Amino acid sequence: MSDEPREGVDLPVVAGESATQLHVVETRSGMFGTDDAGDTSGFGGLVDPVVLPAPATKPYGGWFDDVTDALTRFLPDFDDAIESVVVHRGELTLVVRRERLVEVAQALRDRPELRFEMCLGVSGLHWPQDAGRELHALYPLLSITHNRRIRLEVACPDADPHIPSLFSVYPSNDWHERETYDFFGIVFDGHPSLTRIEMPDDWPGHPQRKDYPLGGVPVQYKGAVIPPPDERRRYFR
């Protein structure tokens with residue numbers, strides 16, 4: 001596998017995606033995309049292009065334009081807050097600058113013409129080849145009022161893995177942000193209790209990162225104990 005993304009190459013788009021350009025950013029070998037160990041899956045000879053959709057340009061089509069127009073009216077510097085808009089497979093994704101994330105989420109939740117009342121969690125992504133943007137957080141939003149779904153995406157460098165917490169806007173993101181921190185090492189600034197949620201507190205590393213060992217990891221418990229109920233961690237609000 002190449003260590004650097006390859007120059008974008010247009011690929012044929014799938015049916016119904018005539019407005020979206022797909023670009024090859026990497027070529028993955030084998031079932032698991034690793035070349036530093038034997039592939040026992042039987043698919044060691046598989047060569048698969050990794051493709052990403054390119055940013056879209058207006059008109060995006062349908063209510064996608066209504067959402068971006070409404071957000072532009074609230075954020076006159078829309079182009080500064082939103083790095084790019086991606087339309088792919090019937091989904092609208094707003095790639096947001098991390099320092100503007102809370103402001104954008106607040107507008108999407110509160111503006112009557114938007115009303116994305118629910119955030120359905122946050123997922124992490126580790127993309128080592130994306131220099132300076134190795135860690136990504138993705139937030140699916142749902143508008144019950146308008147029956148619409150969009151996604152927010154935020155990137156940060158591995159050397160500075162900080163993204164503002166959306167707990168103040170969407171409190172239901174509480175445990176989701178803890179899980180993403182646990183598995184990817186993204187630090188959600190402003191979270192009221194950003195601690196591991198599945199791995200033991202003394203577990204080294206973040207197991208869903210692509211630089212985490214695939215196997216042969218020794219047992220890493222180091223004497224962690226469960227404190228009595230009245231001494232367990234609790235939230236201070």
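Me: Starting with helix H4, what covers its buried residues?
Reply: This is a predicted model. In it, the cover over the buried residues of H4 includes strand E7 (123-126), strand E8 (135-143) and strand E11 (187-189).

Me: And which residues of H4 are buried?
Reply: H4 spans residues 174-184, and its buried residues are Asp174, Glu177, Arg178, Thr180, Asp182, Phe183 and Phe184.

Me: What follows H4?
Reply: Gly185 does, and its phi is positive, near 80°.

Me: Back to E8. How many of its residues are buried?
Reply: Eight of the nine, so E8 is mostly covered.

Me: OK, and how do E7 and E8 pair?
Reply: E7 and E8 are antiparallel, with four bridges.

Me: What is the bridge partner of Ala137 in E9?
Reply: Val154. Strand E9 covers residues 148-156 and runs antiparallel to E8, joined to it by nine bridges.

Me: How many residues sit between the strands in that hairpin?
Reply: The hairpin of E8 and E9 has four residues between the strands, and Asn147 in this hairpin has a positive phi near 55°.

Me: What about E6, how does it pair with E8?
Reply: Strand E6 (residues 118-119) is antiparallel to E8, over two bridges. Cys119 stands opposite Leu141 of E8.

Me: Changing topic. How many residues are in the largest nonpolar core?
Reply: It has 42 residues, and the ones with the most contacts inside it are Leu71, Leu94, Leu108, Tyr139 and Ile163. Two or more residues each come from helix H1 (63-74), helix H2 (78-81), strand E4 (82-88), strand E5 (91-96), helix H3 (101-110), E8, E9 and H4.

Me: Which one gives the most?
Reply: H3, with five residues. As background, nonpolar side chains in soluble globular proteins tend to be buried together.

Me: What does Leu108 touch?
Reply: Leaving out residues up to four places away in sequence, Leu108 touches Leu71, Leu114, Arg115, Phe116, Leu141, Ile150 and Leu152. Leu71 is also among the core residues with the most contacts, and Leu141 is the residue in E8 that stands opposite Cys119.

Me: One more residue, Leu52. Where is it?
Reply: Leu52 is in strand E3, residues 47-53.

Me: Why does Leu52 count as partly exposed?
Reply: Because its relative accessibility is 39%, and partly exposed lies between the 20% limit for buried and the 50% limit for exposed.

Me: How far apart are Leu52 and Glu26?
Reply: Their C-alpha atoms are 9.5 Å apart in space, while in sequence Leu52 and Glu26 are 26 residues apart.

Note on methods:
Residues numbered from 1 in each chain as written. Predicted model: local features only at pLDDT ≥ 70, side-chain atom pairs only at ≥ 80, totals over all residues. Heavy atoms only, no water. Buried < 20%, exposed > 50% of the residue type's maximum accessible area, 1.4 Å probe, protein only. Contact = heavy atoms within 4.5 Å. Pairing = 2+ DSSP bridges. Core = buried A, V, L, I, M, F, W, Y, C linked by side-chain atoms within 4.5 Å.
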